[in-house]
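Subject: Handing over the structure

Hello,

The structure is below, for you to take over from here. My notes on it follow.

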Amino acid sequence: MTDPVFKSDFLSTLQARGYIHQVTHPVELDAAAAEGIVTGYIGFDATAPSLHVGSLIQIMMLRRLQQAGGKPIVIIGGGTTKVGDPTGKDTSRPQLTEADIAANIASIRTVFETFLTFGDGPTDAIMIDNDEWLSKYGYIEFLRDYGTHFTVNRMLAFDSVKLRLEREQPMTFLEFNYMLMQSVDFLELNRRYGCTLQMGGSDQWGNIVSGVDLVRRVDHKAAFGLTTPLLTTASGGKMGKTAQGAVWLNAEQLSPYEYWQFWRNADDADVGRFLRLFTDLPLDEVAALEALDGAAINDAKKSLADAATTMLHGADAAAHARGAAEAAFEQGKLSVDLPTVELPRDEVIGAMIAAVTTRAGLSTSNGEARRLAQGGGLRLNDVVVADGAQLITEADVNADGVFKLAAGKKKIVLVRPV
């Protein structure tokens, strides 16, 4: 089956850059996007103080919509966060307090301002908390108005529910209501702002289709859904997850240097795809970078890291991050921009380097650190350490109170005994 040929800039761009997985009513949506302003939304629940890279493809979809002359709506799920999306999870989310949710929303808001232009214009982005309407529904009113439009039979058939039950994991009635709440979000946005498009990841297809059906069935208006492919790395890992934890978007949770390093360390096979999805570089430039091979692919990775970091943290932060990385990895220099780990002095001085390497987050166990040393991959102040039992001494700490610890070619930190 060949891909459809789209006429609108919006869908043509999404198709060329690899964003599209499924679309409801593609011909209608393409015609609407070609003829006028399409208003579309994506919802983000406020379960943490920051979103992570796994959410970035959705943020970029809103950016593409605005670049093509559409109007993006960011829904911050103050209401749905209280319930918790069961999609892809075997356990219920921890219940957050109102104060927790409010603090998370305030922190998350700042990231979107770097990707989207907000304002009062026809294509300016707006940000809305769905608690604005969800908290005002009475339970009986909600069931009466919307419960009749959803059948348990159909809800059980959606992957988000079916897979959870097949794994014999409990699913609370609270979570079972999430699909209804997300669908009502779409209906409310359609009524209030003329929003006709809901987007999300492929795991949201069931929820999105339910929202499209609700708008079309209740108000008999146009409504469309579009999902992106499930994003994994070439090695099969989940996008945004590393051995060190989540790759957060807020600088308070992850420094610009570490963010730059995440992109710089991308698998060779991912570079072209990531350039298309996560940067604004023209496609002909992406094709040229993607064609590089051998050691030259590192230049493409640096271009990816520069562009992605500039978009989130700004050009100065990207330049500092690149300079720090090149100084540390290519020139063997110290840099204040390197991530710094503070550890209790009595647990560092006189301790085996394998143990300190693990405490600093460069290895998952002392055994792994010892094997790393035996293979020549462990360095203390740029000197190879062959024995993981070697002790850290006061002489290893420089005048600034730190020493440099590196594991392999991609992991490096400054350790500060305190």
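Glutamine 182 is buried, because its relative accessible area is 9% and buried means under 20% (exposed is over 50%, partly exposed in between, with a 1.4 Å probe and protein chains only). Glutamine 182 sits in helix 10, residues 178-193. Helices (H or I, at least four residues) and strands (E, at least two) are DSSP runs, numbered from the N terminus. Neighbours within four places in sequence aside, glutamine 182 is in contact with Tyr41, Gln198, Gln204, Asn207 and Ile208. Contact here means heavy atoms within 4.5 Å.

Before you read on, note that this is a predicted model: local features need pLDDT of at least 70, side-chain atom pairs count only at pLDDT 80 or more, and totals for chains, interfaces and linings use all residues. Residues are numbered from 1 along each chain as its sequence is written, and side-chain values use heavy atoms, with hydrogens and water left out.

The sheet

Tyrosine 41 has glutamine 198 in strand 5 as its bridge partner. Strand 2 and strand 5 (residues 197-201) pair in the parallel sense over two bridges. Two strands pair if DSSP finds at least two bridges between them.

The sheet is open, with six strands in the order 1-6-5-2-3-4 and mixed pairing. Strand 1 (22-23) and strand 4 (126-129) are its edges, each pairing on one side only.

Strand 2 (residues 39-45) also runs parallel to strand 3, joined by seven bridges. Isoleucine 42 stands opposite valine 74 of strand 3. How many residues of strand 3 (residues 71-77) are buried? Seven of its seven. Lys71, Ile73, Ile75 and Gly77 are buried on one side of strand 3, and Pro72, Val74 and Ile76 on the other.

Cores and surface

In soluble globular proteins, nonpolar side chains tend to be buried together. A nonpolar core is a set of buried Ala, Val, Leu, Ile, Met, Phe, Trp, Tyr and Cys residues joined through side-chain atoms within 4.5 Å. The largest core has 70 residues, and Phe112, Trp263 and Phe278 touch the most other members. Another core lies apart from it, with 29 residues, among them Phe142, Phe176, Phe186 and Cys195. Phenylalanine 112 touches Phe44, Leu51, Ile59, Val74, Ile76, Phe118 and Met127, leaving out residues up to four places away in sequence.

Tyr139, Ile140, Leu143 and Phe173 make it, over about 440 Å². Patch residues have over 30% relative accessible area and no salt bridge; like charges are joined within 9 Å, and nonpolar side chains (Val, Leu, Ile, Met, Phe, Trp, Tyr) within 5 Å. Areas come from the Shrake-Rupley method with a 1.4 Å probe, and for residues only the protein chains shown count as cover. Helix 6 (residues 139-146) gives the most to the patch, three residues. Phenylalanine 173 belongs to helix 9 (residues 173-176). Phenylalanine 173 is exposed, at 53% relative accessible area.

Tryptophan 248

Look at the loop between strand 8 (245-246) and helix 12 (256-264): tryptophan 248 lies there. Tryptophan 248 is partly exposed, because its relative accessibility is 24%. Beyond four places in sequence, tryptophan 248 is in contact with Ala48, Ser50, Leu51, His52, Gln253, Leu254 and Tyr259.

Salt bridges

The whole structure holds 15 salt bridges. A salt bridge is a side-chain nitrogen of Lys or Arg within 4 Å of a carboxyl oxygen of Asp or Glu.

- Arginine 273 and aspartate 270 have their closest N and O atoms 2.7 Å apart. Arginine 273 is partly exposed at 27%, whereas aspartate 270 is buried at 3%.
- Arginine 276 and glutamate 290 come to 3.0 Å between closest N and O atoms. This pair links helix 13 (residues 271-278) to helix 14 (residues 283-290), 14 residues apart.
- Arginine 359 and glutamate 347 come to 2.1 Å between closest N and O atoms. Arginine 359 is in helix 17 (residues 353-359), and glutamate 347 is in the loop between strand 9 (340-343) and that helix.

Lys302, Asp306, Arg322 and Glu326 are linked in a network of salt bridges.

Best wishes
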